[in-house]
Amino acid sequence: MDSNHHSNYKLSKTEKKFLRKQVKASHTLLRHEGIQTVSYATQSLVVANGGLGNGMSRNQLLPVLEKCGLVDALLMPPNKPYSFARYKTTEESKTAYVTLNGKEVVDDLGRKIILYLNFVEKAQWKELRPQALPPGLMVVEEIISSEDEKMLLESVDWTEDTDNQNSQKSLKHRRVKHFGYEFHYENNSVDKDKPLSGGLPDICDRFLEKWLREGYIKHKPDQMTINQYEPGHGIPAHIDTHSAFEDEIISLSLGSEIVMDFKHPDGITVPVMLPRRSLLVMTGESRYLWTHGITCRKFDTVQASGSQKSGIITSDVGDITLSKRGLRTSFTFRKVRQTPCNCSYPLVCDSQRKETPPSFPESDKEASRLEQEYVHQVYEEIAGHFSSTRHTPWPHIVEFLKALPNGSIVADIGCGNGKYLGINKELYMIGCDRSQNLVDICRERQFQAFVCDALAVPVRSGSCDACISIAVIHHFATASHRILAGRDFEISISRPLEYTVSSD
Ligand SMILES: [Zn+2]
């Protein structure tokens, strides 16, 4: 913004505040998103806070913008807290700029949001998102009738059963029930020698036989997990353990649609719409290499036109909006594997993981190279799987965290999937990890976390009351790196000498 522009008259306190925020919004856009705003009027505006990423839907934003003139295009990039509006004329965009800056609107969750607008040369958005489903993935729409859907949903008895016929749990972010074999979340596997009595419910048999006949599956499943997700629920990104289950994993979506995110180790994410009454079939690469998960949120980003029901949510930013989630129940069928997995993805295959003989690196440079190659990269690639195999916190760490005074600031160096970040809600915990994917998982779980190296933690000296670092030190290749890390935590982060470093 040109400050001379405003020097002719005195701004009110509120106007000054809005101006400050508006300028701040333009700086943020440039710094974080590379979006260059301009100080002269154009037809196009970037609307900070008016984005799908902060709960604003197309249906709510468009009428607000249209009050100022004819909107030619409204681009709403997925997961971003801003959008782009192009007006028919510069006059109209100027009206919007003047009247909507600092305007309070109500988002899809009923929260008040203040819009900040800035001019841009062009309303545009480029995102490289693949237009194809992950290889081996298929979504079969309307695989069952509404009557069958109703019957299957009514067949699920969520009341606690005491005879232990099948296992039922209320996990943090969903309800689950297991049939055929109990699923152990500690190791993400099943006890192959201990099938549950009763097997799969008879009611499923007719469908499984039909899907076998129609070729959607080659093996008849012998394990089933029912998950129930309320709006806001989710499941962390994970790969189903290779050694536990055969290639085909199928999941029937009932009650409500949901968007499932598939992530390739290279970082590509493909959001896939699973409509109600559809069958998701994961085989090959999509089953073995890609993680899948459901983000905990109350709204999904979906196609606005409704022309396409299942499959990939495209990056056509002129055609996506938010859809409120409903109660979704999924029936996931798997076949328990009896022989080790011999897939083509050894890096993420627990059956093919090689034991490496211990050796010590010669130099500091060599040590850093080893850490980069064997620790950082591997964690990046296995983050989803790693996270889903790390559920149970160590009891003495839990005890330590619970004993700290309320309000303590605590750093968790090498926080992984954040399993310690939510132990004591009275603490202010910040996690960091070398793996972006693990940090993403923490953020999905609503924890504060950032990416950094434990050898150079960018936290101001004495700013924390306590610090933990669990099962991290053993990843450093040399004794000197281990000592360096330990000293860094102790001296520069923790205020009093309250820290615990441990390794497994
Ligand atoms: Zn495998």
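How many cavities of 30 Å³ or more does the count come to? Two. Keep in mind that this is a predicted model. I'll take the cavities, then a helix pair, then one serine.

Start with the largest cavity. About 50 Å³ of space lies in it. Which residues line it? Here is the list: Ile-217, His-219, Pro-221, Glu-246, Glu-248, Ile-250, Phe-333, Arg-334 and Lys-335. Two elements give two or more residues each to that lining: strand E15, residues 245-254, and strand E23, residues 328-336. The lining of the largest cavity splits into four nonpolar, one polar and four charged residues. Glu-246 and Glu-248 are among the lining residues, and so are Arg-334 and Lys-335.

On to the second largest cavity. Its space is about 30 Å³. The lining runs through Ser-256, Glu-257, Ile-258 and Val-259, then Met-273 and Asp-300, then Ser-323, Lys-324, Arg-325 and Gly-326. By class, the second largest cavity has three nonpolar, three polar and four charged lining residues.

Next, the helix pair. Helix H4 covers residues 146-155, and helix H5 covers residues 202-213. At what angle do they pack? About 145°, with the axes 10 Å apart. The crossing of H4 past H5 is left-handed. From H4, the contact uses Asp-148, Met-151, Leu-152 and Ser-155. From H5, it uses Ile-203, Arg-206 and Phe-207. Sorted by class, the contact of H4 with H5 has four nonpolar, one polar and two charged residues. If you want the residues by name, Met-151 and Leu-152 sit on the H4 side of the contact, while Ile-203 and Phe-207 sit on the H5 side.

Last stop, Ser-469. This serine lies in strand E27, residues 466-470. Is Ser-469 buried or exposed? Buried.

To recap. Two cavities of 30 Å³ or more. A left-handed crossing of H4 past H5.

Key. Residues are numbered from 1 along each chain as its sequence is written. This is a predicted model: local features need pLDDT of at least 70, side-chain atom pairs count only at pLDDT 80 or more; totals for chains, interfaces and linings use all residues. Side-chain values use heavy atoms; hydrogens and water are left out. Axes are lines fitted to C-alpha atoms, for helices over the stretch in contact, and angles run from 0 to 180 degrees between N-to-C directions. Helices (H or I, at least four residues) and strands (E, at least two) are DSSP runs, numbered from the N terminus. A crossing is left-handed if the near helix is turned anticlockwise from the far one by less than a right angle, and right-handed if clockwise. Contact means heavy atoms within 4.5 Å. Ala, Val, Leu, Ile, Met, Phe, Trp, Tyr, Cys and Pro count as nonpolar, Asp, Glu, Lys and Arg as charged, and the others, Gly among them, as polar. On a 1 Å grid over the protein atoms alone, a cavity is a set of points where a 1.4 Å probe fits but cannot get out, and a pocket is an open set with protein on both sides within 12 Å along at least five of seven lines; lining residues have an atom within 4 Å of a point. Grid points are joined across faces, edges and corners, and a volume is the space filled by probe spheres set on the points. Buried means under 20% relative accessible area, exposed over 50%, partly exposed in between (1.4 Å probe, protein chains only).
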